[in-house]
Amino acid sequence: MGKLSGKVALVTGAAAGIGAATAEVLVGHGAQVVLGDIRGDLVEETAKRIGDAASAVTYDAADTASVEHLVDEVIARHGRLDVLHNNAAITAQAWTRDTTVLDTELDWFDQTLRVNLRSGYVAARRALPHMIAGGGGAIVNMASIAAFSGGPTLVGYGISKAGVAAMTKYLAAQYGRHNVRTNCIAPGAVLTEQVLENVPGVTEAAVAQLPYTRAGQGTDIGNVVAFLASEDAAYINGQVITVDGGGTAGTPPPLDTA
Ligand code: NAD
């Protein structure tokens, strides 16, 4: 018996990267998982690779009706929804289109908020009645360490992720007594394909900052999603958990090279 046996989970943005790794981890713990993504062929392929406990839905996180349809489709396939993992976000394009306050087009800023923040809000609104009717559930949102400080670029991304952290608190406060726990993960650098392709030098930079001399992998995040989704985390609600290998804990002392 896995710790998520009998549970039905929805992972958004699961065609590749952290979402795909997380979907696989959840299946490993016994869950039935629906993977949603705008990249239809890829998400079908990923679900097929994970196995019979996984299935795919193509949707657009920027579109309200499409997000609602995604949640409805989970209910239609499985009759319940226990775990909602809001993971979809604009990532690769952010590095060119989402830069400074003055240089980022307002339309693109709006799109970033729609995909990264509003879509999770819409999904939660659609999922909550089912979770409450089913006796409870777990929502796990995806922020970023970019939510906690300003920076030279990614202004919309950072603001959207700060909103995700705030949304987590509201959901936790308002629906905890219905046995729906909402928590949030704030990863540091995780070496997904899109990061390796779009962020120059990230491997060296990430490793140099980390006390454990390695950057994050998708499964490092997936394992925490599985924990937060499970009864092991029954008394954790409304928390934003940084998962960065200690990267934001502080600068380590210099290595002894003697
Ligand atoms: P990724 O680009 O590999 O995954 C994001 C997924 O979201 C993609 O599969 C993409 O197709 C999907 N998506 C984008 N727009 C969509 C839309 N309109 N509708 C539906 N799906 C859409 O990125 P990743 O690195 O795996 O990131 C996953 C999550 O983790 C994101 O929320 C990201 O912000 C967060 N995060 C990642 C890192 C990192 O270093 N990789 C760090 C902090 C936070």
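**Figure 1. Glu68 (E68) at its place in the predicted model.** E68 is partly exposed, at a relative accessible area of 22%, where buried means under 20% relative accessible area, exposed over 50% and partly exposed in between (1.4 Å probe, protein chains only). The model is predicted, so local features need pLDDT of at least 70 and side-chain atom pairs count only at pLDDT 80 or more, whereas totals for chains, interfaces and linings use all residues. Residues are numbered from 1 along each chain as its sequence is written, and side-chain values use heavy atoms, with hydrogens and water left out.

**Figure 2. The salt bridge of E68 and R126**. The two side chains meet at 3.8 Å, N to O, a salt bridge being a side-chain nitrogen of Lys or Arg within 4 Å of a carboxyl oxygen of Asp or Glu. Because E68 lies in helix α3 (residues 64–78) and R126 in helix α5 (residues 106–133), the pair ties together parts that are 58 residues apart in sequence; helices are DSSP runs (H or I, at least four residues), numbered from the N terminus. R126 is partly exposed, with a relative accessible area of 31%.

**Figure 3. The salt bridge of D72 and R126**. These side chains meet at 2.8 Å, N to O, and the pair links distant parts of the chain, with D72 in helix α3 and R126 in helix α5, 54 residues apart. D72 is partly exposed, at 30% relative accessibility, and E68, D72 and R126 are linked in a network of salt bridges.

**Figure 4. The salt bridge of D82 and R80**. The side chains meet at 2.6 Å, N to O; D82 is buried, with a relative accessible area of 5%, whereas R80 is partly exposed, at 34%. The count by this rule comes to 7 salt bridges.

Technical notes. Helix = DSSP H or I, 4+ residues; strand = E, 2+ residues; numbered from the N terminus.
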